[in-house]
Amino acid sequence: MPYQTINPANNKLVKSWPEHDARQTEQALATADALYHSDWCKGPLQPRLQVLKKLAELIDSRHEELAVAASSEMGKLIAQSRAEVKLCAQIARYYAENAERFLAPVSYPSELGEAWVENHPVGVLVAVEPWNFPFYQLMRVLAPNLAVGNPVLAKHAKNVPHCAHLFEQLILEAGAPVGAWTNLFVNNDQIAQLIADDRVQGAALTGSEKAGSAVAQQAGKYLKKTTLELGGNDVFVVLDDCDLDKAVSAGVAARLNNCGQVCTAAKRFLIHEKIADSFMEKFIAAFNAVKIGDPLDEKTTLGPLSSAEARDALDKQVKEAVQHGATLKLGGAPVAGEGCYYQPTILTDISRDNPAWYAEFFGPVAQIYIVKDDDEAVKLANDSHYGLGGAVFTRDMARARSLASRIETGMVYINSATNTAAELPFGGIKRSGYGRELSDLGIKEFVNQKLVVISAQ
């Protein structure tokens with residue numbers, strides 16, 4: 001598949017982008033490696049933090065242009081694209097203001113003498129990123145590593161090359177030297193070759209379980225560190241004592257935001273049996289009320305999937321689930337006409353031997369499960385290959401805290417859908433990956449935490 005900008009609202013090709021050949025890729029790596037060995041990466045933090053500050057200002061000033069680019073290229077509703085762009089500026093500004101504190105030396109009391117740990121860059125990194133948040137996914141890698149001094153070679157998804165190009169241009173315009181962040185239109189074999197190169201010290205990937213496994217395998221072969229943020233099959237637990245209207249409203253948004261193409265989207269709804277009928281009635285009504293249309297139209301509430309391939313794969317999953325016994329309560333088919341639209345869909349009666357039980361549905365498809373108590377909710381929640389995020393809705397905070405502690409995920413939100421913020425760590429366990437991005441934890445993933453000791457003797 002070539003790098004192409006195809007508007008998923010009408011499936012029309014906007015532009016094709018040439019791939020980088022072996023010579024161009026080697027030049028990018030050589031430039032990034034030379035930068036790593038320069039004062040820019042190994043010297044004082046402040047010049048790098050000033051770039052992040054300027055980057056935040058540039059993003060704010062070009063807010064609408066960037067939002068339209070994201071919506072036009074991958075189908076996100078324009079309001080959601082604006083929110084993504086705003087978040088990117090916040091992340092850049094967050095590290096500009098806090099990186100110096102995060103990376104400050106830390107003292108360790110010891111009988112051996114005066115001891116401290118310093119934080120240093122490790123070298124060139126490779127980043128492989130997905131299309132569903134075409135700017136935010138990049139910013140999560142860029143901001144902490146620019147602050148640290150790790151140059152990044154980035155392969156973005158093949159259906160968002162315009163966003164990838166815009167992001168690189170913004171970084172250069174903000175004052176970063178060539179090589180600090182390099183956008184590469186390359187294939188998987190070229191990424192494997194880069195990871196194997198001695199000049200590359202690590203790799204970060206957000207994407208599918210299959211892609212994560214391939215990158216981790218290659219990195220492991222050459223003893224390179226990785227961080228992986230992969231799929232999710234997040235639970236949305238609605239207990240009998242919750243604010244039902246709030247839970248329904250949050251649940252609908254958590255499943256349909258970005259047309260369901262979110263790793264932390266609510267995918268499995270675990271509803272207490274005492275309120276199941278009321279929840280279903282309100283939930284179905286809300287799904288029926290969505291307005292499908294052009295993502296650039298402010299009145300649209302559900303845009304297209306990112307591509308025809310994504311739409312067709314989702315439709316195949318839904319049909320397979322029904323063939324294995326699931327009940328189709330709503331939807332279950334592509335929307336007729338141009339574009340990559342899919343009906344809001346609700347599945348119930350999913351048994352453990354149904355492929356849908358363990359599958360991630362990357363689109364506007366909700367799975368409903370009825371549970372009799374908290375223990376059954378926890379058991380079902382943890383019966384998953386994934387462990388990214390989750391949500392619990394209840395008025396009883398002691399009950400909520402207990403459930404949050406027992407659910408096996410990297411993140412749990414109480415009385416709100418799973419969210420993200422610059423100051424909060426993001427990541428999961430199991431097949432959802434490992435490592436954390438954002439916050440003080442994210443900036444420490446690719447640093448040399450070097451111990452220095454002055455002998456007491």
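Residues are numbered from 1 along each chain as its sequence is written. Because the model is predicted, local features need pLDDT of at least 70, side-chain atom pairs count only at pLDDT 80 or more, and totals for chains, interfaces and linings use all residues, while side-chain values use heavy atoms, with hydrogens and water left out.

Student: How are helix 3 and helix 5 oriented, roughly parallel or roughly antiparallel?
Tutor: Helices (H or I, at least four residues) and strands (E, at least two) are DSSP runs, numbered from the N terminus. The axes of helix 3 (residues 46–61) and helix 5 (residues 78–102) come within 8 Å and cross at roughly 160 degrees; axes are lines fitted to C-alpha atoms, for helices over the stretch in contact, and angles run from 0 to 180 degrees between N-to-C directions. Angles under 35 degrees count as roughly parallel, over 145 as roughly antiparallel, 65 to 115 as roughly perpendicular and the rest as oblique. That makes the pair roughly antiparallel.

Student: How many charged residues are in the contact of helix 3 with helix 5?
Tutor: Contact means heavy atoms within 4.5 Å. On the helix 3 side the residues include Lys53, Glu57 and Asp60, and on the helix 5 side they include Arg93 and Glu100. Ala, Val, Leu, Ile, Met, Phe, Trp, Tyr, Cys and Pro count as nonpolar, Asp, Glu, Lys and Arg as charged, and the others, Gly among them, as polar. The contact divides into 12 nonpolar, one polar and, for charged residues, five.

Student: What is the handedness of the crossing of helix 8 and helix 9?
Tutor: Helix 8 (residues 188–196) and helix 9 (residues 209–221) pack at about 30 degrees, with axes 9 Å apart. That makes helix 8 roughly parallel to helix 9. A crossing is left-handed if the near helix is turned anticlockwise from the far one by less than a right angle, and right-handed if clockwise. Helix 8 passes helix 9 in a crossing that is right-handed.

Student: Which residues of helix 14 make the contact with helix 13?
Tutor: Helix 13 and helix 14 pack at an angle of about 30 degrees, with their axes 10 Å apart, and are therefore roughly parallel. Asp374, Asp375, Val378 and Asn382 supply the helix 13 side, and the helix 14 side consists of Arg399, Leu403 and Arg406.

Student: Which residues of helix 13 are buried?
Tutor: Buried means under 20% relative accessible area, exposed over 50%, partly exposed in between (1.4 Å probe, protein chains only). The cover over the buried residues of helix 13 includes strand 10 (234–238), strand 11 (266–272) and helix 14 (397–406). In helix 13 (residues 374–382) the buried residues are Asp374, Ala377, Val378, Leu380, Ala381 and Asn382.

Student: Which residue has its backbone nitrogen 3.1 Å from a polar atom of the side chain of Ser439?
Tutor: Ser439 is found in helix 15 (residues 439–442) and is buried, with a relative accessible area of 0%. Its phi is positive, about 60 degrees, although Ser439 is not a glycine. The backbone nitrogen 3.1 Å from that side chain belongs to Leu441.

Student: What is the phi of Leu438?
Tutor: Leu438 lies in the loop between strand 19 (433–434) and helix 15. Leu438 is buried, with a relative accessible area of 0%. Although Leu438 is not a glycine, its phi is positive, at about 70 degrees.

Conventions
A polar contact is a pair of N or O atoms within 3.5 Å; within protein, one must be able to donate a hydrogen and the other to accept it, and residues adjacent in sequence count only if both atoms are side-chain atoms.
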